[in-house]
Amino acid sequence: MIKKKVKPTYEIWSEELTKIYGKGKEALEAVSEIDLRVRPGIHGFLGPNGAGKTTTINMLVGAISITKGNAKIRDEKAGTVTAKQIIGFLPQDPVFYVDMTGEDYLIYMGQLGGLQKQDAKRKAQELLDFFDLFEFRKKEIGTYSGGMKQKIGIAAALIHDPKVLILDEPTANLDPIGRADVIQKIKSLTDVSVFVSSHILSEIEQMCEDVTMIDLGKIVICDSIRNIKKRFISNLYILDTNMNEKIFKQLKGEDIITNIRIDEGDGKIHIIPKDSEKLRELLPQLLIKNKAILNSFHQPELSLQDIFMEIMSKKEVS
Ligand SMILES: Nc1ncnc2c1ncn2[C@@H]1O[C@H](COP(=O)(O)OP(=O)(O)OP(=O)(O)O)[C@@H](O)[C@H]1O
Ligand SMILES: [Mg+2]
């Protein structure tokens with residue numbers, strides 16, 4: 001019997017996707033042979049300024065040409081009409097018709113997306129409601145706050161019921177309340193996969209299950225946040241007792257310790273052990289001997305920010 005090879009379908013897939021701007025001496029390889037594997041759900045696309053996020057996204061949505069390689073949205077070749085139909089897109093710097101009301105804008109975008117006027121109207125009402133913009137529907141977009149503009153932009157991207165929503169830095173230039181609001185709305189979307197770029201790691205951590213990090217046009221890491229955190233388990237232990245100074249002094253001399261200090265911020269003992277098992281053995285004895293009370297002893301989870309900094313610092317060394 002011939003076994004059929006089951007190829008998983010991805011929401012977004014690319015192979016050796018490359019963009020070179022300019023020619024000859026002026027040529028700049030902004031995106032270099034990246035292989036994207038985006039599963040259903042919310043996928044974060046991370047990278048510092050100039051990493052190539054917008055360039056990649058613009059190739060995926062067909063706004064710019066692909067220099068080399070392939071990209072697909074579901075099973076459709078990026079840039080084709082069918083691929084464009086299943087995408088909803090909010091660019092990094094969206095331009096709005098500021099004189100239009102929110103409602104008219106959505107209806108107009110719906111009709112552009114191929115909806116009949118009645119359907120566009122119904123869908124617009126639904127989206128205005130979902131994005132808490134219903135009471136502002138008759139107001140001109142020019143009067144909207146930054147957060148409201150981003151939300152109307154996302155609503156417009158969703159009006160034709162796309163399968164894959166691509167958002168390029170949807171929270172840039174927003175105040176903390178606007179950011180939190182936009183993030184919460186993205187998280188509560190249903191029936192659509194989201195590919196969202198940002199250079200703010202804590203935001204991506206709040207929204208996404210999977211992330212792709214790029215730097216200088218190349219993929220640095222692509223995995224679920226859960227797996228990334230497993231791979232980068234910190235070797236730091238934090239100990240807190242009712243006599244941190246005394247315990248610190250006694251631990252300091254032990255040869256099972258690589259590094260130990262009292263943290264200026266939290267006042268707790270931060271320990272990097274040479275041998276963590278021996279540390280765990282020694283600790284109860286030390287506490288009993290000093291009649292100390294243990295408040296806490298744990299290994300902190302690294303944030304995505306910590307991990308990204310670690311990856312970047314290693315890249316610079318290698
Ligand atoms: N139209 C263009 N022509 C030439 N170079 C470009 C063009 N657009 C972008 N670049 C260059 O390509 C590289 C990647 O830029 P890109 O805008 O894709 O990065 P980004 O990750 O989106 O950055 P940011 O976080 O600032 O939005 C940068 O070096 C940028 O200067
Ligand atoms: Mg960008």
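Strand 9 (residues 193-198) is mostly covered in this predicted model, with six of its six residues buried. Buried means under 20% relative accessible area, exposed over 50%, and partly exposed in between (1.4 Å probe, protein chains only). Strands (E, at least two residues) and helices (H or I, at least four residues) are DSSP runs, numbered from the N terminus. S193, F195 and S197 point one way. V194, V196 and S198 point the other way. All of these residues are buried.

Strand 9 also has pairing partners. Strand 4 (residues 42-46) runs parallel to strand 9 and is joined to it by five bridges. Strand 8 (residues 164-168) is likewise parallel to strand 9, again with five bridges. Two strands pair if DSSP finds at least two bridges between them. V194 of strand 9 is the bridge partner of I42. V194 is also the bridge partner of L165.

Ligand 1 has 13 residues around it, and G50, K53, T54, T55 and Q92 come nearest. A residue is near a molecule or strand if one of its heavy atoms lies within 4 Å of it. By class, the shell holds five nonpolar, six polar and two charged residues. Here Ala, Val, Leu, Ile, Met, Phe, Trp, Tyr, Cys and Pro count as nonpolar, Asp, Glu, Lys and Arg as charged, and the others, Gly among them, as polar.

A polar side-chain atom of T55 lies 2.5 Å from an oxygen atom of ligand 1. Backbone atoms take part too. A polar backbone atom of G50 is 2.8 Å from a ligand 1 oxygen. For A51, the corresponding backbone distance is 3.1 Å. On its own, ligand 1 has 630 Å² of accessible area, and the protein covers 60% of it. Such areas come from the Shrake-Rupley method with a 1.4 Å probe; for residues, only the protein chains shown count as cover. Strand 2 (28-34) and helix 1 (53-60) each give two or more residues to the shell. Helix 1 gives the largest share, three residues.

Residues are numbered from 1 along each chain as its sequence is written, while chains are lettered from A and ligands numbered from 1 in the order in which they are written. In this predicted model, local features need pLDDT of at least 70, side-chain atom pairs count only at pLDDT 80 or more, and totals for chains, interfaces and linings use all residues; side-chain values use heavy atoms, with hydrogens and water left out.

Definitions and conventions. A polar contact is a pair of N or O atoms within 3.5 Å; within protein, one must be able to donate a hydrogen and the other to accept it, and residues adjacent in sequence count only if both atoms are side-chain atoms.
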